[in-house]
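Colleague: Could you walk me through this model slowly, beginning with the terms?

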Amino acid sequence: MDKVGIIGVAQTKYQRYNPASHAELAYEVTSKALEDAGLTIDDIDNTITVCNDFWDGRTISSMTITEATGSHKSPTTNVEGDGTYGALMGLMRLLSGLHETTLVVAQSKISEGIPSIITNAMFDPIYERMLGLDAINSAALQMRSYMAKYGVTEEQCAKISVKNHKNARANPYAHLPLDITVKDVLKSRVLADPIKLLDTSPISDGACAIIMARERTAKRKHGKPIWIKGVGHCADAYHLGDRDLAEVDALASAAKRAYNMAGIRSPLKQIHVAEVYDAFSYMELMWMEGLGFCDQGKAGAMVDSGLTEMNGALPVNPSGGVLSAHAVQVAGLARIAEAVLQLRGQAGGRQVDGASTALAHGIEGACGQGHCVFILGK
Amino acid sequence: MAVRSEELGNTGTLIYPSRIRLPYTWHVGKMGSRFYQEIRDNCKIWGTKCPKCEWVFVPPRETCPRCYRDMPEWVEVSDTGTLLTYTVTRYGVPGIQPLEPPFALGIIKLDGATSGLVHLLGEVNLNDISIGMRVKAVFREARRGDYLDIKYFKPIRA
């Protein structure tokens, strides 16, 4: 693969009820990413937006932020899905050779709608939708299935919530930095057992943008580009009943593709920091298994060992992860932006010392139906 | 559900509470139509079987999700099955929930099927549900050809 570098990143602070409009959020990160890259809008020759009409409450939502992203009268395309897929499309644009510098912008105003009604609409209207399924109770079916199959405990899941909310205290962008204990998580309000309030991610408004360029431009425009070393994506079946919800086959396939490209044979040793899409506490455990950081069913024990803490061998979600800020669709792109900050050594109080290879991961669909994995390096 | 302006942190920005209304008519398709007609008219549950991997899918599909092969063979499955996983939803969401919370949902592997069917659990003590529990479909009396013609699955008493 030709080399493509990430030369600009920007995020808003994540919060509920951000008073900005969706276009204002998009403009904030577009202008900040340009500033971060040392570019002007004239240096951008194509744009990918990441908008979903249901979340945005309007159809062809992407067309309403062309001015805010400086992309009117230029090639712009929308990806309806997680922000990692926006970055994937941006990468493909550059690899096509037709473009030199791509801007990827994701924004979401989750607090404007009612998340359970919107996530209910991802289920088949003639089948499961009328059961009242949404992101939370469908995840509960998966969490129970995973715990039962592998003997993972609610305490082990709670440890993820404790770790990530604690990490968020060093991330100025995070929505929900918290100093909590496993007991606090276990005693928090049961939403859909075994999922409790502190196993879930918050309702966050926010935006993220990244700027990517082909090698020559990346080097000329930016002193220290962060290179895309590998990428892989894969989707599982749509109907929940067709899947073994305790298994992570699609993620394992996505990771294998990304690892093959990046020359990673021993992920636990070769990756120094990982930002994964922990929309629910248990998901971080499952995704670590899919990413090959440990064997199937062994993530609980790995967390018990402290290996994924900030001072462990492979810190996972030093930013606080999605549990600490969940602007839907933005969150995957934010994983990439956070990985870039880590590799630049600009992650402040959440910096993992000496990180030279990072992993960023996004999901889409119910119970992690689809996965996208990026490997980034210096 | 309107957000009060003071929840925006007294930033001086306005909000516009509204709602989206969109009548929509979904076409159930030939597979789903036969599936629902059998439930509505005969209280029978049917799936389709893959000629290659021999999985039986309920609801029936035209194409095997695993092998991408046509599945012309229809197979009747039982109205009894085994609970694979479950949850009890304890929060209310206006307009989308079929029952007042708390209510139980599960994935059921029907006898004779290979895939799981997501459905409601009823006539059950919400504190006494377990994986592996045997359950049986309870059909709605006035059936109209939709997913809730199976009212719920109830435990089979040993």
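Modeller: Strands (E, at least two residues) and helices (H or I, at least four residues) are DSSP runs numbered from the N terminus, and two strands pair if DSSP finds at least two bridges between them. This is a predicted model, in which local features need pLDDT of at least 70, side-chain atom pairs count only at pLDDT 80 or more, and totals for chains, interfaces and linings use all residues. Residues are numbered from 1 along each chain as its sequence is written, while chains are lettered from A and ligands numbered from 1 in the order in which they are written.

Colleague: Which are the edge strands of the open sheet in chain A?

Modeller: The open sheet has nine strands with mixed pairing, in the order β3-β2-β4-β7-β1-β8-β11-β10-β9 of chain A. An edge strand here pairs on one side only, which holds for β3 (76-79) and β9 (273-275) of chain A.

Colleague: What is the radius of gyration of chain B?

Modeller: Chain B has one helix and eight strands, and along the sequence they follow the pattern α-β-β-β-β-β-β-β-β. For its 158 residues the globule rule gives 15 Å, and chain B lies well over that, so it is more spread out than a compact globule. The radius is taken over C-alpha atoms, and the rule is 2.2 Å times the number of residues to the power 0.38. The radius of gyration of chain B is 20 Å.
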